[in-house]
Amino acid sequence: MQQSVRSARLPVLILSLGVALAGRPCLAARLVPMSVSIDGKVVMKASTGDNGNQGPDIVWDYLKKAKFAPTNGFQVEPNRDDPLSATLTGNVVLTVIYGGRADLSELKLVRAAENGPWQIAPEEIERTFKTRHKPFAFSVVLGGKPTLWTVQQTRTGKTADNPDNVWRELKRLTIYGKKMAPDADDPLHATLTGGMTIKLFYAEQPWGQADVSQLKLVRDRPNTLWRIDPVEVDRTLQGRTKPE
């Protein structure tokens with residue numbers, strides 16, 4: 001089932017790192033972008049890479065070595081009493097793709113030397129490790145096989161994640177996978193029948209599921225992707241099996 005979660009990680013940027021020489025297989029890497037935004041505007045960026053097998057907790061630890069560069073004309077103002085540190089304030093969001101998102105009121109930065117690159121202060125990485133919004137994804141198992149899925153997402157805001165508010169996120173998510181035919185009398189609705197299981201994976205771990213015999217999908221315009229009908233999400237919210 002771990003594989004089905006990773007299949008939901010779309011879109012994923014794949015970079016070729018090797019050439020098949022002497023019968024050796026090529027290696028592939030996953031780009032892991034990082035960013036800091038203030039009041040909805042990205043002000044700093046960094047990135048690293050891995051082989052795609054690391055979980056969200058390991059990915060968040062990449063911040064320990066990441067060096068951020070200001071973007072969009074942003075200038076970091078050092079603290080008056082310490083030019084090697086700075087404090088960003090406002091609606092600050094620290095995002096690590098595949099690692100999670102932290103919504104903060106302030107974020108401390110440090111650097112090794114004046115004019116050197118900025119890094120996230122170690123205590124901030126530790127502070128946000130448990131409180132951040134971790135990545136999640138849904139899959140719909142039909143006929144014993146993952147048939148539909150969502151891309152990996154994170155919640156927003158300063159309220160902590162829990163199985164209920166993460167499950168409600170399904171109302172807004174686009175569904176990918178098998179092409180679904182609309183209802184004969186309504187191109188904006190589709191109805192799936194048969195034994196199905198909706199599964200939630202949070203930080204790549206099972207976080208509840210709902211068994212349904214019918215599932216209704218909706219979309220805003222013909223020939224666009226589907227979403228699960230919000231009424232269905234509310235119905236499954238009450239009847240699902242929660243994580244232990």
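Reply: D57 is partly exposed, with a relative accessible area of 31%, on a scale where buried means under 20%, exposed means over 50% and partly exposed is what falls in between, worked out with a 1.4 Å probe on protein chains only. Everything here comes from a predicted model, in which local features need a pLDDT of at least 70 and side-chain atom pairs count only at pLDDT 80 or more, while totals for chains, interfaces and linings use all residues. Residues are numbered from 1 along each chain as its sequence is written, and side-chain values use heavy atoms, with hydrogens and water left out.

Side chains of opposite charge can pair when their charged atoms come close. D57 does this with K134, forming a salt bridge whose closest N and O atoms are 3.5 Å apart; the term stands for a side-chain nitrogen of Lys or Arg within 4 Å of a carboxyl oxygen of Asp or Glu. D57 belongs to helix α2 (residues 56-60), whereas K134 sits in the loop between α3 (122-131) and β9 (136-142), so the pair ties together parts that are 77 residues apart in sequence. Helices (H or I, at least four residues) and strands (E, at least two) are DSSP runs, numbered from the N terminus.

The next salt bridge joins R155 to E169, with 4.0 Å between the closest N and O atoms. This pair also links distant parts of the chain, 14 residues apart, since R155 is in the loop between β10 (145-149) and α4 (163-168), and E169 is in the loop between α4 and β11 (174-177). Both of these residues, R155 and E169, are buried.

In a further salt bridge, the side chains of R240 and D164 meet at 2.4 Å, N to O. Here too distant parts of the chain are linked, for R240 lies in the segment after α5 and D164 in helix α4, 76 residues apart. R240 counts as buried at 8% relative accessibility, while D164 is partly exposed, with a relative accessible area of 26%. Salt bridges that share partners also join R155, D161, E169 and R172 into one network, and the count of salt bridges comes to 14.

To place these pairs in their setting, consider the fold around them. The protein chain has five helices and 14 strands, and of its 244 residues 43% count as buried. Six of the strands close into a barrel, in the order β9-β10-β11-β14-β13-β12, with antiparallel pairing; two strands are said to pair if DSSP finds at least two bridges between them. From one strand to the next, the twist averages 45°.

Conventions
Axes are lines fitted to C-alpha atoms, for helices over the stretch in contact, and angles run from 0 to 180 degrees between N-to-C directions.
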